[in-house]
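Biologist: I'm new to this one, could you put it up and walk me through it?
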Amino acid sequence: MHDHAETHDAAGCCGGDAEGAIARAERICRERDLQFTRLRRDVLAAVAAQTRPLGAYDIAERLSEPGRRVAAVSVYRALDFLTEQGFVHRIASRNAFVSCGHAHSDGAGLVFLICRSCGTIDETTSPEVEHQLGRTLAKAGFKPVSRILEVEGECEACLGRPTEA
Ligand SMILES: [Zn+2]
Ligand SMILES: [Zn+2]
């Protein structure tokens with residue numbers, strides 16, 4: 001489990017580093033003997049270039065050129081693959097996707113901090129939350145398929161920004 005402060009300084013965290021994300025995905029696909037097709041690569045590059053979550057239609061729009069339309073359904077298929085491999089995460093409350101440069105395990109409990117002001121998303125893991133959530137789920141006899149929490153609010157940068165008079 002990575003300490004958030006430590007992973008947060010690393011390149012590739014929470015988007016903004018498309019090259020790093022592509023290189024990492026390429027390596028992992030090779031290791032797992034999976035096809036990293038041009039579309040999968042393009043979709044990942046589009047998502048990783050942003051610090052805000054991108055929807056499938058947004059991505060299709062970005063990848064389309066005059067004479068070469070990319071269908072949203074193809075983007076969804078690529079996103080399914082990328083999500084399964086852990087290269088991107090789906091933000092349910094936004095129905096949108098962010099890239100993941102972290103080294104957490106597949107079933108890790110994740111906490112997404114979603115800023116309402118600037119739209120950025122910060123991803124973190126919390127062993128305490130994961131532990132407590134596990135106990136709560138066990139008590140309820142509930143088997144989760146994912147343990148992703150989304151918290152909306154204001155990020156540190158926005159809180160520190162002086163409000164205009
Ligand atoms: Zn992640
Ligand atoms: Zn913010």
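Modeller: We can start with the overall layout and then go through the helices and the sheet. This is a predicted model, in which local features need pLDDT of at least 70, side-chain atom pairs count only at pLDDT 80 or more, and totals for chains, interfaces and linings use all residues. Residues are numbered from 1 along each chain as its sequence is written, and chains are lettered from A and ligands numbered from 1 in the order in which they are written.

Biologist: OK, how many helices and strands are there in the protein?
Modeller: The protein has 7 helices and 5 strands, where helices (H or I, at least four residues) and strands (E, at least two) are DSSP runs numbered from the N terminus. Read from the N terminus, the order is α-α-α-α-α-β-β-β-β-α-β-α.

Biologist: And what share of the residues is buried?
Modeller: Of the 165 residues, 25% are buried, a residue being buried if 20 or more other C-beta atoms lie within 10 Å of its own, exposed if 12 or fewer, and partly exposed in between, with C-beta atoms placed from the backbone.

Biologist: Which residues of helix α3 are buried?
Modeller: In α3, residues 38-48, they are R40, V43, L44, A46, V47 and A48, and the elements covering them include α2 (18-32), α4, α5, β1 (88-91) and β2 (96-99).

Biologist: You mentioned α4 and α5; at what angle do their axes cross?
Modeller: The axes of α4 (residues 56-63) and α5 (residues 72-84) cross at roughly 110° and come within 9 Å; axes here are lines fitted to C-alpha atoms, for helices over the stretch in contact, and angles run from 0 to 180 degrees between N-to-C directions. That makes α4 roughly perpendicular to α5, a label for angles of 65 to 115 degrees, while those under 35 count as roughly parallel, over 145 as roughly antiparallel and the rest as oblique.

Biologist: Which residues meet there?
Modeller: From α4, A56, Y57, I59 and A60 meet A72, V75, Y76 and L79 of α5, contact meaning that the C-beta atoms, placed from the backbone, lie within 7 Å. The residues of this contact divide into 8 nonpolar, no polar and no charged.

Biologist: Switching to the sheet, in what order do the strands sit?
Modeller: The open sheet has 3 strands in the order β4-β3-β5, with mixed pairing, and two strands pair if DSSP finds at least two bridges between them. Since β4 (121-125) and β5 stand at the edges with a single partner strand each, one side of each is left without a neighbour in the sheet.

Biologist: How does β3 pair with β5?
Modeller: Strand β3 (residues 110-115) runs parallel to β5, joined by 6 bridges, with L110 opposite I148 and C115 bridged to G153.

Biologist: And with β4?
Modeller: That pairing of β3 and β4 is antiparallel over 5 bridges, and F112 stands opposite E123. The two strands form a hairpin with 5 residues between them, and G119 in the turn has a positive phi of about 85°.

Terms used
Contact = placed C-beta atoms within 7 Å. Nonpolar A, V, L, I, M, F, W, Y, C, P; charged D, E, K, R; others polar.
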